[in-house]
Amino acid sequence: MDYNKIGNFIAEERKAKKLTQAKLAEKIFVSEKTVSKWENGKGVPDTDSLPKLCEVLDFSVNELLNGERVTAEEYVNKAEENLISLRKAKEDGDKRLLATEVVLSVVAIVYLLALTVIVSVVQMPEWTQSVIIGFGVVVTVIAGVFALRIEQVAGFYECGKCGYKYVPTYKQVFFATHISRARRLKCPHCHQKSWHKKVIK
């Protein structure tokens with residue numbers, strides 16, 4: 001997906017409608033800064049503003065994602081290309097999220113271990129030791145909650161019985177027995193409990 005091409009397309013269509021960035025922003029309920037960001041290729045409209053933007057500037061979602069007007073003959077091919085591009089962008093985003101989860105978990109554990117070593121080596125009152133260790137535990141737990149949330153939303157879990165891919169609830173992931181990123185869950189498709197592995201595609 002070419003953000004610069006999409007941005008130029010939005011700018012051209014906005015100018016063709018004789019709208020300022022501020023006026024367009026007002027019509028689609030976003031800030032002028034957001035419209036400017038899109039037009040400068042620093043982002044694309046999210047799912048909330050996408051339908052309204054297409055309605056106001058009179059183009060299809062497919063044309064927006066392609067960054068140009070498309071003929072009826074080109075429409076199906078362009079739609080397929082855009083779907084593939086969106087899927088690839090999601091996969092790349094999920095990979096980055098899962099990498100972030102690993103870094104977050106490692107940093108939190110190293111932080112807690114470092115505090116434990118400091119407390120055992122440096123002479124200090126008992127209450128200070130307790131506060132430092134308690135703080136380290138709280139930070140590690142918070143990091144763990146965020147890491148688990150990342151794992152839940154990035155990619156899918158694949159049922160070991162029927163191969164069905166889905167995103168379970170946070171509660172299901174939290175309470176499931178796990179080994180690394182594989183979790184023992186009940187499949188919403190075949191209703192069997194088995195080991196479900198984390199997959200990106």
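Is F175 buried or exposed? F175 has a relative accessibility of 62%. Exposed means over 50%, so F175 counts as exposed. Keep in mind that this is a predicted model.

Helix α8 spans residues 170-175. Y170 and F174 both lie in α8. They are four residues apart, about one turn of the helix. Their accessibility falls in the middle class. Y170 has a relative accessible area of 25%, so it is partly exposed. F174, with 47%, is partly exposed as well. F174 also forms an aromatic pair with F175.

Now count the ring pairs. There are four aromatic pairs in the model. One of them joins Y170 and F174, with ring centres 6.2 Å apart and planes at 25°. Planes under 30 degrees apart count as stacked, so the pair of Y170 and F174 is stacked. Ring pairs link Y170, F174 and F175 into a cluster.

Helix α2 covers residues 21-28, and α4 covers residues 50-57. The axes of α2 and α4 are 9 Å apart, at an angle of about 125°.

Which residues make the contact between α2 and α4? From α2 come L24, K27 and I28. From α4 come K52, L53, V56 and L57. By class, five of the residues in this contact are nonpolar and two are charged. None is polar.

D58 lies in the loop between α4 and α5, a helix of residues 61-66. Its backbone deserves a look. Most residues other than glycine have a negative phi. D58 has a positive phi, near 60°, and is not a glycine. S180 is another such case, with a positive phi of about 55°. S180 sits in the loop between strands β3 (178-179) and β4 (182-186). With a relative accessibility of 64%, S180 counts as exposed.

K42 lies between α3 (32-39) and α4. Its relative accessibility is 64%, so K42 counts as exposed. Leaving aside neighbours within four places in sequence, K42 is in contact with Y3 and K37. How many Å separate the C-alpha atoms of K42 and R184? The separation is 40 Å, and the two residues are 142 residues apart along the chain.

Finally, look at E158. It lies in strand β1, residues 156-158. Is E158 buried or exposed? Its relative accessible area is 18%. Buried means under 20%, so E158 is buried. Which residues does E158 contact, leaving aside its neighbours within four places in sequence? G163, Y164 and K165 are among them. W195, H196, K197 and V199 are in contact with E158 too.

Definitions and conventions
Residues numbered from 1 in each chain as written. Predicted model: local features only at pLDDT ≥ 70, side-chain atom pairs only at ≥ 80, totals over all residues. Heavy atoms only, no water. Helix = DSSP H or I, 4+ residues; strand = E, 2+ residues; numbered from the N terminus. Buried < 20%, exposed > 50% of the residue type's maximum accessible area, 1.4 Å probe, protein only. Axes fitted to C-alpha atoms, helices over the stretch in contact; angles between N-to-C directions. Contact = heavy atoms within 4.5 Å. Nonpolar A, V, L, I, M, F, W, Y, C, P; charged D, E, K, R; others polar. Phe/Tyr/Trp six-rings, centres within 6.5 Å; stacked < 30°, edge-to-face > 60°.
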